[in-house]
Amino acid sequence: MRKKLALAITGVATAFALTACGSSEPTADAAATLDPANPTVIKVGASPVPQADILNYIDENLAQEAGIDIDVVEYDDYVLPNTSLADGSLDANYFQTEAYLATEMKEKGYEFAHGAGVHVEPMTVFSKKFDNAEDVTEGTTVLLNNDPVNQIRGMRVLEEAGLLKNIADDDSVLTVEGDKEKNPLGLVLKDANAEQVPQYYMSDDSIGVAVINGNFIVQAKLNKDEILAQESGENNPNANFLTWRDGEETPAIAKLEELLHSDEVRDYIEKTWNDGSVIAAF
């Protein structure tokens with residue numbers, strides 16, 4: 001089953017302290033009470049690409065034989081998948097990283113558990129004006145994600161590319177823009193909702209550089225020739241995983257967690273995103 005819920009939000013960047021959040025394997029027996037002749041429906045919230053694509057691949061190719069039926073609900077923002085999980089509208093969600101989930105749990109009091117990493121969407125630096133990172137000029141406008149966790153992640157990619165220096169875990173566009181030590185080129189740092197960054201990058205000529213989440217790169221069909229730098233997938237702590245309410249590890253959730261780490265799903269990821277925009281994390 002496939003549903004679409006297209007939602008956008010607005011907001012401003014705020015720095016949050018991060019806390020560690022450990023994974024939790026489903027305690028339920030993945031085979032218990034699951035009947036291929038009468039599949040158990042599991043409602044899962046997901047970002048459209050690649051999470052919903054991966055879930056729909058499983059639903060169409062692996063789920064019925066495993067005794068589950070995945071009802072995929074797509075979200076175009078990073079807030080509602082967790083609020084919907086918390087209020088019981090969803091059985092699970094698949095869209096977030098450990099650092100983001102830790103912040104959400106700390107700030108909003110969610111009691112969630114999660115599985116092992118499934119995939120990484122590398123944070124990528126794009127520019128239509130410069131061919132290489134070293135060509136970026138003083139005062140260039142740079143657009144980043146306004147989500148605090150992914151904003152720091154994007155700033156670290158800029159740091160690796162030599163455009164920023166000495167970025168700390170509690171930095172933001174507000175603290176770094178006027179700091180000559182951290183921002184020696186005097187880059188004009190702006191932010192927007194993750195889903196809006198590629199839209200502004202494509203339509204606003206004042207933006208010289210944009211740091212874009214991997215899933216939105218795929219959705220926006222951006223030109224790979226405009227890439228200046230990209231986050232490495234090796235030992236990357238930013239893998240996305242399946243999340244559920246703590247203590248509610250049903251057999252259907254356990255089975256979906258198992259299928260998400262199957263050889264078939266790994267092959268699907270590698271063949272579907274052979275440009276490196278999505279990388280298997282298992």
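Serine 277 sits in the loop that runs between helix 9 and strand 13 (279-280). The structure discussed here is a predicted model. Serine 277 has a relative accessible area of 4% and is therefore buried, the cut-off being under 20%. Leaving aside residues up to four places away in sequence, serine 277 touches Val120, Glu121, Pro122, Gly214 and Val218.

## Helix 8

Helix 8 covers residues 251-260, and eight of its ten residues are buried, so the helix is largely enclosed by the rest of the structure. The buried residues are Ala252, Ile253, Ala254, Lys255, Leu256, Glu257, Leu259 and Leu260.

Which elements cover the buried residues of helix 8? The cover includes strand 2 (40-46), strand 3 (68-75), strand 4 (92-96) and strand 12 (241-245). Helix 1 (48-66) and helix 9 (263-272) are also part of the cover.

## Isoleucine 70 in strand 3

Strand 3, part of the cover over helix 8, contains isoleucine 70. Isoleucine 70 is buried, with a relative accessible area of 0%. In sequence, isoleucine 70 and leucine 256 are 186 residues apart. In space, their C-alpha atoms are 8.6 Å apart.

## The cavity

Rolling a probe the size of a water molecule over the atoms shows where empty space is left. How many cavities of 30 Å³ or more does a search of the whole structure find? The search finds one. The largest cavity holds about 130 Å³ of space. Its lining is made up of 14 residues, and those closest to the centre are Tyr78, Phe95, Thr97, Asn150 and Asn240.

By residue class, the lining of the largest cavity has three nonpolar, nine polar and two charged residues. Strand 4 supplies at least two of the lining residues, as does helix 4 (148-160). Both domain 1 (40-122 + 237-280) and domain 2 (124-230) contribute to the lining, with at least three residues from each.

## Glutamate 104

Glutamate 104 belongs to helix 3, residues 98-108. Is this glutamate buried or exposed? Glutamate 104 is buried, and its relative accessible area is 7%. Its side chain makes a polar contact of 3.2 Å with the side chain of asparagine 82.

Not counting residues up to four places away in sequence, glutamate 104 touches Tyr78, Asn82, Gly109 and Tyr110. Tyr78 is also among the lining residues closest to the centre of the largest cavity.

## Backbone features

The peptide bond from valine 49 to proline 50 is cis, and its omega is near 0 degrees. Proline 50 lies in helix 1, an element that helps to cover the buried residues of helix 8.

Two loop residues have a positive phi without being glycine. Asparagine 166 has a phi near 55 degrees and lies in the loop between helix 4 and helix 5 (173-176). Asparagine 166 is partly exposed, with a relative accessible area of 47%. For lysine 221, phi is about 55 degrees, and the residue lies in the loop between helix 7 (214-220) and strand 11 (227-230). Lysine 221 is exposed, with a relative accessible area of 73%.

Definitions and conventions. Residues are numbered from 1 along each chain as its sequence is written. This is a predicted model: local features need pLDDT of at least 70, side-chain atom pairs count only at pLDDT 80 or more; totals for chains, interfaces and linings use all residues. Side-chain values use heavy atoms; hydrogens and water are left out. Buried means under 20% relative accessible area, exposed over 50%, partly exposed in between (1.4 Å probe, protein chains only). Helices (H or I, at least four residues) and strands (E, at least two) are DSSP runs, numbered from the N terminus. Contact means heavy atoms within 4.5 Å. On a 1 Å grid over the protein atoms alone, a cavity is a set of points where a 1.4 Å probe fits but cannot get out, and a pocket is an open set with protein on both sides within 12 Å along at least five of seven lines; lining residues have an atom within 4 Å of a point. Grid points are joined across faces, edges and corners, and a volume is the space filled by probe spheres set on the points. Ala, Val, Leu, Ile, Met, Phe, Trp, Tyr, Cys and Pro count as nonpolar, Asp, Glu, Lys and Arg as charged, and the others, Gly among them, as polar. Domain bounds come from an automatic or database domain assignment. A polar contact is a pair of N or O atoms within 3.5 Å; within protein, one must be able to donate a hydrogen and the other to accept it, and residues adjacent in sequence count only if both atoms are side-chain atoms.
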